[in-house]
Amino acid sequence: MHRDPVLDVRDLSIRFRGQPIDLIDTVSFSIERGKTLCLVGESGCGKSVTSLAIMGLLPKRAATVTQGAVRFDGDDLLTLPETRIEDLRGNRMAMIFQEPMTSLNPSFTVGHQVAEAVRRHKGCTPAEARDRALEMFRKVRMPAAEKRLDDYPHQMSGGMRQRVMIAMALANDPELLIADEPTTALDVTIQAQILDLMRELQDDTGAALLMITHDLGVVAEIADDVAVMYAGRIVESGPVARIFDEPQHPYTLGLMGSMPAIAGRQGRLLTIPGAVPLPASMPQGCRFASRCPFVQDACHVARPALSDMGGGQQVACRRAPLDTMVGAA
Amino acid sequence: MLSFILRRILIAIPTLILVSMFVFALQKLLPGDPILVMAGEDRDPEVIALLREKYRMNEPLVMQYIYWAGDVLRGDLGISLRTNEPVLDLIASKLPVTIQLAIMSMLFAMLIGIPAGILSAVRKGTWVDWLANVVALSGLSIPNFWLGIMLILLVSVNLGWLPASGYESPWVDPWKSLTTMIMPAFVLGTALAATLMRHTRSAMLGVLQADYVRTARAKGLRARVVILKHAFRNAVLPVVTLSALLFGELLAGAVLTEQIFTIPGFGKLIVDAVFNRDYAVVQGVVLCTAVGFILMNLVADVLYVILNPRLRTAQ
Amino acid sequence: MSDIILEAVDLHKRFTRGGGLFAKATTIHAVNGVSLQVRRGETFAIVGESGCGKSTLARLLLRLIDPTEGSVIHEGQDLTMLGAGAMRALRSELQFIFQDPFSALNPRMSVETIIAEPLRLHTSLNAAERREKVAELMARVGLRPEMADRFPHEFSGGQRQRICIARALASGPKLVIGDEPVSALDVSVQAQIVNLLEDLKQEFGLTLVIIAHDLAVIRHMSDRIAVMYLGEVVELARTEDLFTAPRHPYTQALLAAIPVPVPGSAAGRKVLGGDIPSPANPPSGCKFHTRCPHATALCRTTRPVLDGKDHQVACHHHQTLPAPDLPLARASRRSPAAEARFALYRAASRDAELQIDTTHPNNPTNSKETTQ
Amino acid sequence: ADLRIGLQEDPDALDTDQARTFVGRIVFESLCDKLVNITPGLEFIPELATSWEWSNEGKTLTMKLREDALFHDGTPFNAEAVVANIERSTTLPESRRKSELSSVETVVATGPYEVTFNLKNPDATLIAQLSDRAGMMISPTAAAEKGLELANSPVCSGPYKFVERIQQDRIVLEKFAEHYDAGSYSFDRLIFLPIPDTTVRLANLRSGDLDMLERLAPSDVAAVKADGSLAFSAATSLGYQGITVNVNNGARSETPFGKDKRVRQALSLAIDREVINQVVFEGVYAAGNQPFPPTSPWYDQTNPVPARDVDAAKALLAEAGLDGIKVEIQTANNPVQLQLMQVVQAMAAEAGIDISIKATEFATMLQEQSAGNYDATQVGWSGRTDPDGNIHSFMTCAGGLNDSKFCMEEIDALLNKARTSTDAAERKASYDAANAILREELPIIYLYHQTWLWAMSNKINGFQAYPDGMIRLSGVTME
Amino acid sequence: MTAVADAPVTSRSRTWRKLRANRSALIGAVVVGLFVGLALLAPLLPIADPNATDWGAIRKAPSAAAWMGTDEIGRDILARMIWGAQASLLAGVVSVMIAVAIGVPFGLVSGYFGGWTDGIISRCTDALLAMPFLILAIALAAFLGPSLTNAMIAIGLSAVPIFIRLTRGQVLAVKTEDYVEGARAIGLGHVAIMTRYILPNVVPPILVQATLTIATAIIAEASLSFLGLGQQPPAPSWGSMLNTAKNFLSQAPWMAIWPGAGIFLVVMGFNLLGDGLRDALDPREH
Ligand SMILES: Nc1ncnc2c1ncn2[C@@H]1O[C@H](COP(=O)(O)OP(=O)(O)OP(=O)(O)O)[C@@H](O)[C@H]1O
Ligand SMILES: Nc1ncnc2c1ncn2[C@@H]1O[C@H](COP(=O)(O)OP(=O)(O)OP(=O)(O)O)[C@@H](O)[C@H]1O
Ligand SMILES: [Mg+2]
Ligand SMILES: [Mg+2]
């Protein structure tokens, strides 16, 4: 069954001022209702920039979208006037950020901050907004929810703050929820609580979820689909099982192999040599070429096209599928 | 909170003692014999000897300090060597003037500095930012005394709009009081406005980059609400504290501005007293301004706690 | 020579914080009666959640701070009794690697000066010899010696951590304590450093004490593990024992919470509820009782002691607890297809391994920046 | 109507016995009546004393007093009051009037309205002293009651009584209706406003915030004259300005400048006093070479201000065996004095005298001066009605103000004689003789005489300038 | 993200680049440089003797002969402005050097050792700060006697507490950095840690403060001269020129306008430069 995606990002490219190349380069993906797409990749590869672009929160003076479209429920967000986007933000699409410690305004009570989101979009009375906030607090299983409404952020632990953020994001029943590494800053046990909570709430509301992370464990737990990003490009994407069972792109392999296995030591760790090139010295062709153990001369020249590997999996590598291309050599 | 304030007051005591010792030592180091000045043009040796005795100028410095400190503890700051007026009365008569000037200057400074600071932070990198910066820096860079003289020349002498100098108590004649104070308050205010503007700007810049401002935008709040509510509410903290501190400094009087506009406040009083070697006055007034300064520091800290929920609810 | 290189005996550290101006002083019992032994040549790991006192313990072990109570025995010598001079001399044998490679290096010193600092202090090498030694160390940790006169900010996070390691090795230490030496790094760089530490340990015959909160890294690197909760060691065992048969409910919960990179494996796991209590206001008795599903009245009142020989646990009920159901036990190995590709990858990249980081010497981009 | 007067300084203690500043006398002039007053031509005329008479070879002075005068607190003015006043002036420990009245042995009430002063020795200056602060009468009741505190609320018998004082801001007096001559005073209140900055003071006058001001800057005279709404008045002062040389006061006098009069003469010759007057004072002041101004009857007209003669100056230096000389001159650090000294410096340089200027705060300067820690010092004297006040204590060996420690028996004799004589011609002869010697010796090199300058609104009529710089408001009116 | 990530350049050149990119800092540097150049070249420039009087040309308005007019005793104001720049700049720079030389070591010791040392130094600093800056400077200048040197000492001493405070605060921040603890872990002593690890890292904010304090000091010198406690005649300084000019405001306004403008420009220059330095040295800003 094919449904219309809630979010459809097409060939999105973003360039920062003073830089020679598009940092985000023709990125495409889409998410359907109730589904979760995980965007993974190393730090600095452009995950957050992509998500901010979707939300219309990019710093206007520093970043420009050079091409592409971000369709949300049919509208192209990139062409909408600012006031229309403001009406959407926090209402039909919402976002949770990485740093629960700093993402809440220290000067206002958490209840106020949640209620504010409700009042802004639902135009209800303060009392109604507060009731909604309380309801949300209960929903995110905030202990002693009623009392907590009047707490200031600093009186809460990281896990609770992240619950507040989730409550705030979901207060207006958004169709799209973007979560930018919502658990990275939390301890393992708390992280598990939050992940469970998000999964549950998503099941409840049927919102589409764009989850950004660099932890493959999290991906495995929550994702329906995965997009692996390297240096501003999506190098591999597909359903989660395919990516874990049939990784194709050398970068995906490197990424997986360099993670120590929790199930027990499996010999020396794999490594990806070198480092991500600077924008100024970004290779012409495949951006991973300078670090790829399977590199060929041709890789440096032209950008590899995304090729379909079957089962919804797509890979942008000249040498995919590896087994046949490399194994044969 | 109360114990916090009490503790702060306790800490202030050694500071005050040190201030008094510094001032005492410093003025005793000043060359020039106050008794000679006081003896008058005729310098009668008999009078000189008597005055020396009377003001304990013959005793060792330490004893002089001890006598003075003892008197202060009994609430007696001594009498002016020059006019025989009790220093306490002097202070009482100058304090309202100084406070009025300080308040008006502060108002000028805040009315100019804070909006300009917000604007230039929000419009960072644009000509608005640049202009606000240049104006603010000008306020810092023009010497007060020069600006004062130029204003008198222009506004009072050439245009005749405002009185050139003097002081009128607001209880006696509020309108006159206002008109005489506007120019000096403006002159003082411009320099402070610059400081306030710069601090507001940098606080706002810091806050505008904060994650919670992004959160507020992600909620779909209008830009104005994001800036004035979410951002400014947090940026205001250092600004308010700074204002209290600046106010504390203003209490010490604006030496040259008061001199130029002939405003009978603390600044003029101290300078004249230093030049006249009116020790009792210097000592008393500096002590008083130090108390004011420390008090405003305390106010700044308390405001900081009150405005900062993180500290307010810490107990 | 005994088998024990470093021993902590009933260490306590209390911090008094705040007080003074704004609020009443709070006392934080950051390390609360920790006893442990580090054996020569092993990799000893300390894990625990944020704020549980790992770093404090590490600093105590090296006497960077003085314990409130207890002692640290190094080679039979009580470090806490040592005078400043003797302690300074001993520092050549005990070294430290910090978590954040960005703040661990003096930004105003060149790499050469930084690495040579312990040499100047603890050896009698002259300037030329020192330079040579620095070059050697840099080469060993995978940095090009030509970059010796550069400054820290010109390096990526991984490279900086290499500099830190080189400095730690310079004085020829016997024991190196790493306080989360890889947590600030990105996965791919983290792997490079983990490998490097393993190699160096072999080569120099080091004893490593590694602090981490990433259990996968710990499992990969360590021989024995101590699990800390709120300033106390709750379980201490050999790595395999701990991961396969954790006895303390906290350890069990910790292991249950780890997201396993195998789709579907998380289903049905039990998540530990509640928050970590504030160390300023810790619970009585067993500190874990507020979150423990098995807590009894005894736990609320009496603090359990660490008990056992090779596998030590501090829990009143550890004998009677049911065996935990751990998702990681269910985590099957990788798919054959993936495994085959890893093999290919490994083969293809073997040659390049020792030249890591040299392809783009000035590319500090692969760093996980600390954005504060 | 109110009269608002801008003063150059804030007066000191408002107690005639403790007061010491010039500016304070301006306030006293309206606040307190004196026994004797002066005319613009420096003749003594009655005020509280209706007449006086010398007897006993100048050792007894008998004064008849007004019978209709009253102190502001209602205490009647009479002979007892005068006695109490003179006694307070001579016995109050803090009194600054003692030296002025040092010749008075006793003072007795020889009638309800008659007092007799018995002197230790003849004193020609006494009448002049009684025309100043020593002759100002304060209420004996108030004085007894308040002691030194009197300074904070003075009670006199003048045409205006004290209302309030805010230091550095204002002194307010209001008309004393019971004053015997109340009719001559037309203002209801006097408000004295100390405004030290001359520019600002003038600005206030122009903007109408002041009705008159004293000590207009010479550089502003032209502007005031050109302004149709302002009027201007001037009188050459009784005082002088000069350079006091350390000739005998400690180690620092042991220089050619201190020890060799030819060097001092050289400096004097090198200075063009007329040019100074033109350059620094717009020609408004008067060049001077004597302790008395040219307008004074005591001025020696036969020895007017000498012309500048650089060659002669150089010759004198050569004669003294010098090829140039360095002198440090200290001066008060106000712009006008500094301008003056820079002009002198430039002039002296042409004669080979290298002057370095040491600008010093007034308080320090006084101390250095009396301690002898100076080569030369630029200082002046506000002047007294009697010539003795301008010369005696500066030039006699034991003179209280003799900072140069100049000492010559001959001068002592001449000045003491002039002091005790009541014959004007005889006195003038003595002063001329003394001045002739002093022009040779030059312990003080006189430079110029200040002119008191007043500016006021042109609505003010009847103001008369006095050489003592006071503001006498009798007969002054405002339209 | 910090700029570090994409800047393969040394910190010095990065600072320099950021400074150059900052237009107002550049303007500041140019203004300051211009005046410094003028002041240094004063003896070589074809200008009149700043002390040569001319009774015939008193308070003449600007003209071809005297571009900025003449002063109250006929001296060339242009020449006096240029020589006066020397006094003002010296006053600014030297007094700040004095303040830094005294304030920084005290702040360093106070922040590093804490405890009693810190208590005593901090209380003294508080006390000095509680006394009005200009009053302190006036009293010190009066005590030392009026002269440019003494004015510089007075201003310098009065500015000491600012630097003690600043340095102390910075030290407290730097002290907690891992590299300081690392230095101890290596076995370094206090002196080495203070001079080699802490001091270099507190320099940038001190540098910024110093630049801004130069601006303040120049105004303070002018103020002291304005009160007659600065440069002594006939040597010119802008403050003393203003002090004299004050009496001739309506007759000869140029006498006040030039030195006022001079002070304004130089102080503005230093302020711009200090602001620019602050931005360039601040790692937070791009
Ligand atoms: N305002 C900006 N100006 C210039 N470059 C920027 C800006 N913001 C981000 N970048 C650059 O864009 C790149 C991608 O940043 P982004 O935050 O999207 O990374 P990320 O994948 O979210 O990393 P992380 O896992 O650390 O959050 C980084 O290299 C960063 O330096
Ligand atoms: N110098 C100090 N002063 C006061 N409290 C401190 C100090 N150092 C640590 N603490 C407190 O002691 C407790 C333990 O801190 P520690 O740094 O050892 O934890 P950790 O386990 O290393 O945490 P993390 O994983 O966050 O590094 C914390 O609550 C911390 O706030
Ligand atoms: Mg990110
Ligand atoms: Mg830690």
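Student: How many helices and strands does chain E have?
Tutor: Helices (H or I, at least four residues) and strands (E, at least two) are DSSP runs, numbered from the N terminus. Along the sequence, chain E reads α-α-α-α-α-α-α-α-α-α. The count for chain E is 10 helices and 0 strands.

Student: What should I know about the model and its numbering?
Tutor: This is a predicted model, where local features need pLDDT of at least 70, side-chain atom pairs count only at pLDDT 80 or more, and totals for chains, interfaces and linings use all residues. Residues are numbered from 1 along each chain as its sequence is written, chains are lettered from A and ligands numbered from 1 in the order in which they are written, and side-chain values use heavy atoms, with hydrogens and water left out.

Student: What does the C-alpha trace of chain E span along its principal axes?
Tutor: Chain E is built from 10 helices and 0 strands. Along the principal axes, its C-alpha trace spans about 75 × 45 × 30 Å.

Student: Which chains share the most contacts?
Tutor: Contact means heavy atoms within 4.5 Å. There are 8 pairs of chains in contact. Chain A and chain D do not touch, with nearest C-alpha atoms 47 Å apart. Of the pairs in contact, the most contacts are shared by chains A and C.

Student: What area is buried between chain A and chain C?
Tutor: The size of an interface is often given as the accessible area lost when the parts come together. Buried area is that loss (1.4 Å probe), summed over both parts. Here 64 residues of chain A are in contact with 63 residues of chain C. Carbon and sulfur atoms give 57% of the buried area, which is about 5,800 Å².

Student: Which residue of chain C forms a salt bridge with A:Arg268?
Tutor: A salt bridge is a side-chain nitrogen of Lys or Arg within 4 Å of a carboxyl oxygen of Asp or Glu. The rule finds 2 salt bridges across the interface of chain A and chain C. For A:Arg268, the closest N and O atoms are 2.8 Å apart, and the partner is C:Asp199.

Student: Which helix gives the largest share of the side of chain A that touches chain C?
Tutor: Between chain A and chain C, 15 residue pairs are in polar contact (both at pLDDT 80 or more). Helices α7 (188-205), α8 (216-222), α9 (240-245), α10 (250-257) and α12 (322-328) of chain A each supply at least two residues of that side. The largest share, 8 residues, comes from α7(A).

Student: Which three residues supply 26% of the area that chain B buries against chain A?
Tutor: Here 24 residues of chain B are in contact with 31 residues of chain A. The area buried between these chains is about 2,400 Å². The three that supply more of chain B's part than any other three are B:Arg217, B:Lys219 and B:Arg222.

Student: Which residue of chain A forms a salt bridge with B:Arg222?
Tutor: Side chains of opposite charge can pair when their charged atoms come close. Between chain B and chain A the count is 4 salt bridges. One of them brings N and O atoms to 3.2 Å, joining B:Arg222 to A:Asp87.

Student: How far apart in sequence are the parts tied together by C:Arg14 and C:Glu69?
Tutor: Over all chains, the count comes to 93 salt bridges. C:Arg14 and C:Glu69 form one, with the closest N and O atoms 3.2 Å apart. C:Arg14 lies in strand β1 (residues 4-18) of chain C and C:Glu69 in strand β4 (residues 69-74), so the parts tied together are apart in sequence by 55 residues.

Student: Which side chain is joined to that of D:Asp227 by a polar contact?
Tutor: A polar contact is a pair of N or O atoms within 3.5 Å; within protein, one must be able to donate a hydrogen and the other to accept it, and residues adjacent in sequence count only if both atoms are side-chain atoms. D:Asp227 sits in the loop between α6 (221-226) and β12 (230-236) of chain D. At 2.8 Å, its side chain meets that of D:Ser229.

Technical notes: Buried area = accessible area lost by both parts, 1.4 Å probe.
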